[in-house]
Every structure is written in structure tokens, then in C-alpha cells.
Amino acid sequence: MSEQQAANRKLYISDWHYGHNNILAFDNRPFKTVEEMNATLVERWNAAVHPGDTVYVLGDMFWCNMQEAISVLNQLNGQVFLIKGNHDTLKLGQYQKYFKDVRAYWILDKFILSHIPIHPESLSRWKANIHGHLHGNSLNDPRYKNVSVEVVNYTPLDFEEIRSSYEMV
């Protein structure tokens, strides 16, 4: 991979729940405190994401006030796009100030990106559905790729890894 390609990757992650203390027990996350989880999320993001990369967050990124969220966004490498999740309840204009783009879903190279998995009958025109929302659970169907933090080791996943796994099928 060339240096230019390495700096223009697309990565995916979902369900950070930054600042959400109860998620530690709810999803059996491997952190002693919410502060440890928050620090690990930022650290793993920046270790995986280069400044020229694009990261699609497939919902539920923050569980804290907007000022804290802005502070965290300013620490993250890459351009951040938000696919709104069920906990992303602020008005659209509040998100648009801080994210490169905000959408309900996104289409990329015949993959559909969403927070909640789309209905199986709607998948026929797509290679797969890259989604979040299920946290540590996954659907028993190869057309779905869960990128919730619990499944991707709290680290954004490179699109080329996802795409290549579908090209082999």
C-alpha cells in the first residue's frame, strides 16, 4: 500500500457510548472505569486512524454533554462522518457543526452503512450491510457486518478488510 493510499483510508466503528458509565456493566466492557474506557477509545482511534483518513461512525458515539464531545472530536485523527444512531437525539444542526457530514445511512461501493441493521428483504441490491447497534451480538447472516466497538476491539475497522472478505465469497 502506498503512503498516499495509507493516508486516505475509510474506516468504520459504532457504539462508542463515550461517557456512558452504565455501558460498562450493560455490555460487560473490559474497563474498570468510564474514564479508562474513554481514554482507550481515543487512544485506539488515533493509533488506527491517520490524519488523512475518513471514519464513518455508525451511531451512538457520545453519551456526554456537547462541550465534552467537541473536546473529544478535536483530539481525533481523520475526518469524521456520523450515521445517526438511536441515541443521537440532538437536532441535525447541532451535529453538522462538528462532523464532516451527518446522514441516516450511507452507500459506499455497493455496501449500505446504517446504525441499525436493515431488513433482510432490503439487502438484495447491496453486497452487505455494515452496521452497529447490536454491540457484542452479531446476526447469523454473512450479509451483515457488525462494527460495534465490542466486536472490533474498540478500534476502527478498515474498509479494505471488509471489502476483501466479501470479494472472496
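Which residues are buried in helix α4 (residues 66-73)? In this helix, Ala69, Ile70, Val72 and Leu73 are buried, where buried means under 20% relative accessible area, exposed over 50% and partly exposed in between, with a 1.4 Å probe and protein chains only. Helices (H or I, at least four residues) and strands (E, at least two) are DSSP runs numbered from the N terminus. The buried residues of α4 pack against α3.

The model is predicted, so local features need pLDDT of at least 70 and side-chain atom pairs count only at pLDDT 80 or more, while totals for chains, interfaces and linings use all residues. Residues are numbered from 1 along each chain as its sequence is written, and side-chain values use heavy atoms, with hydrogens and water left out.

The largest nonpolar core has 46 residues, of which Trp16 and Trp45 touch the most other members. Such a core is a set of buried Ala, Val, Leu, Ile, Met, Phe, Trp, Tyr and Cys residues joined through side-chain atoms within 4.5 Å. Helix α3 (residues 34-48) gives the most to this core, with six residues. A second, separate core of five residues includes Ile112, Ile118, Trp126 and Tyr144.

Beyond its neighbours within four places in sequence, Trp16 is in contact (heavy atoms within 4.5 Å) with residues including Met37, Leu41, Trp45 and Val72. His17 is found in the loop between β1 (10-13) and α2 and is buried, with a relative accessible area of 2%.

The structure holds 13 aromatic pairs. Rings of Phe, Tyr and Trp (its six-membered ring) pair if their centres lie within 6.5 Å; planes under 30 degrees apart count as stacked, over 60 as edge-to-face and the rest as tilted. The ring centres of Phe31 and Tyr154 are 5.1 Å apart and the planes are at 80°, so this pair is edge-to-face. Because Phe31 lies in the loop between α2 (23-26) and α3, and Tyr154 in the loop between β8 (144-146) and β9 (157-158), the pair ties together parts that are 123 residues apart in sequence. Phe31 counts as buried at 11% relative accessibility, as does Tyr154 at 6%. One aromatic cluster is formed by Tyr12, Tyr56, Phe81, Trp106, Phe111, Phe159 and Tyr166.
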